[in-house]
Amino acid sequence: MKPELIKMALMLGLLSCVGPFAIDMYLPAMPAMAEDYGVPTAMSQYTLVSFFVAFGVCQLFYGPAADMFGRKPPLYLGLGIFLLASIGCALAPTIEWLIALRFVQGVGAASVMSIPRAIIRDRYTGTEATRLMTTVMLVISISPMLAPLVGSLLMAPFGWPSVFYAVAIATVASLLLIRFALPETLPTEERVPLKVSAMLSAFRVLFRDSYFMGMTLIGGMGMASFFSFLSIAAFLYTDHYGLTPTQFSLAFALNALGFFLASQFAANLCERFGGVAVVKWAVTGFAVSAAANLLVTLAGVDNFAVLVGLLLLGNSFLGLVVPTTMVLSLDDHGPIAGTAAALGGTMQMMLGAAAIGIVSAVFDGSPLILVAAIAICGVVAALLFALTLRQSPQAVAT
């Protein structure tokens with residue numbers, strides 16, 4: 001890979017880590033948090049739901065803002081909000097305050113979800129964009145593989161609020177990175193006029209594009225699968241299987257490892273077979289592995305190694321699905337890349353938040369709810385791909 005691509009991937013990957021870091025790092029703390037506040041498990045899970053709702057919806061603001069004002073000013077605003085909210089979370093006196101401040105934290109974190117995608121589209125398309133996206137995801141892999149472990153190590157001597165102070169420190173580093181290392185990739189002459197009509201027109205174009213919508217929703221099913229796991233993994237692994245917070249962190253990292261290792265093959269596979277073909281076979285693999293996990297569980301097998309192994313296989317297929325669908329959905333929307341990335345991110349986060357809410361509400365302490373939710377996501381993703389391929393001439397031609 002060219003040195004320029006590596007440098008950009010490192011910067012965008014580190015920026016994109018901020019949001020996931022705020023999610024993954026405190027997962028081991030959720031049971032202790034619920035105990036400290038004296039609330040049921042479901043109350044602590046609402047801190048995830050509130051974060052994801054804001055994380056998703058507010059991308060609709062940052063995306064158009066990035067098209068109108070450039071990529072860097074909205075990043076400054078979002079990370080500033082995120083920094084203040086992170087400190088507030090550490091000081092939250094009640095679970096209700098924590099839920100509210102997690103919402104504010106999500107408002108700020110939304111900026112680093114959609115804008116890095118737009119920055120990639122500013123400079124690259126096709127295979128190069130896929131290669132950069134997958135490299136960014138390799139950098140992001142630091143978060144789900146290391147963040148829970150870091151969180152559990154901080155919790156032991158300092159308690160769970162220290163997790164949010166650590167996130168605040170990481171945010172300061174991100175602000176410095178934007179100021180001194182990240183270039184502005186959208187020239188003034190290419191910015192969209194500050195008009196509500198222009199923003200509404202961009203959204204209208206995107207909603208009418210069945211290819212964009214199809215690829216976005218397929219990736220969204222992958223996100224919903226992963227967020228279902230996020231919402232109950234700490235309780236399932238520690239309460240049902242008896243893992244310690246540190247053991248949970250290692251098991252969580254193993255699940256994430258499959259996703260990010262597989263994602264590194266996406267660019268080469270797309271270059272050889274085409275992006276649509278890669279999505280087709282990866283979605284099929286995800287659906288089949290998820291269905292197998294459900295059938296095994298329904299057959300009465302409740303084995304931790306079997307569960308983790310099949311989750312690892314499914315996540316590996318998602319490592320091909322998610323970055324490839326992101327690139328394919330943006331390819332035809334360069335002039336409104338910020339808005340397109342924002343709408344795509346919002347739709348995917350809303351699917352994730354809905355999955356968290358549903359799974360948390362029906363979770364009974366066993367693995368059945370988790371594997372059933374993931375199987376549903378896999379089947380829906382496969383159906384969406386078939387529908388997208390049938391309705392879009394572009395998809396057939398790609």
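This is a predicted model: local features need pLDDT of at least 70, side-chain atom pairs count only at pLDDT 80 or more; totals for chains, interfaces and linings use all residues.
**Exercise 1.** Determine the volume of the largest pocket and which elements give two or more residues to its lining.

*Solution.* Step 1: the space in the largest pocket amounts to about 240 Å³. Step 2: its lining comprises 15 residues, and Ala355, Ile358, Ala373, Ile376 and Cys377 are the closest to the centre. Step 3: two or more lining residues come from each of helix H13 (210-240), helix H18 (337-362) and helix H19 (368-391). Step 4: sorted by class, 14 lining residues are nonpolar, one is polar and none is charged.

**Exercise 2.** Characterise the second largest cavity by volume and by the classes of its lining residues.

*Solution.* Step 2: the second largest cavity has about 100 Å³. Step 3: its lining includes Ser225, Phe229, Asn293, Gly314 and Ile374. Step 4: H13, helix H16 (275-298) and helix H17 (304-330) supply at least two lining residues each. Step 5: the lining is made up of seven nonpolar and five polar residues, with no charged ones.

**Exercise 3.** Identify the residues with the most contacts inside the largest nonpolar core, and list the contacts of Leu182 beyond four places in sequence.

*Solution.* Step 1: the largest nonpolar core holds 121 residues, and Phe52, Leu98, Leu182 and Tyr237 have the most contacts inside it. Step 2: H13 contributes the largest share of this core, 15 residues. Step 3: with neighbours within four places set aside, Leu182 contacts Met8, Met11, Leu12, Leu15, Lys72, Leu75, Ile119 and Leu177. Step 4: another core, of eleven residues, lies apart from the largest one; Phe203, Leu330, Ile336 and Ala341 are among its members.

Notes: Residues are numbered from 1 along each chain as its sequence is written. Side-chain values use heavy atoms; hydrogens and water are left out. On a 1 Å grid over the protein atoms alone, a cavity is a set of points where a 1.4 Å probe fits but cannot get out, and a pocket is an open set with protein on both sides within 12 Å along at least five of seven lines; lining residues have an atom within 4 Å of a point. Grid points are joined across faces, edges and corners, and a volume is the space filled by probe spheres set on the points. Helices (H or I, at least four residues) and strands (E, at least two) are DSSP runs, numbered from the N terminus. Ala, Val, Leu, Ile, Met, Phe, Trp, Tyr, Cys and Pro count as nonpolar, Asp, Glu, Lys and Arg as charged, and the others, Gly among them, as polar. A nonpolar core is a set of buried Ala, Val, Leu, Ile, Met, Phe, Trp, Tyr and Cys residues joined through side-chain atoms within 4.5 Å. Buried means under 20% relative accessible area, exposed over 50%, partly exposed in between (1.4 Å probe, protein chains only). Contact means heavy atoms within 4.5 Å.
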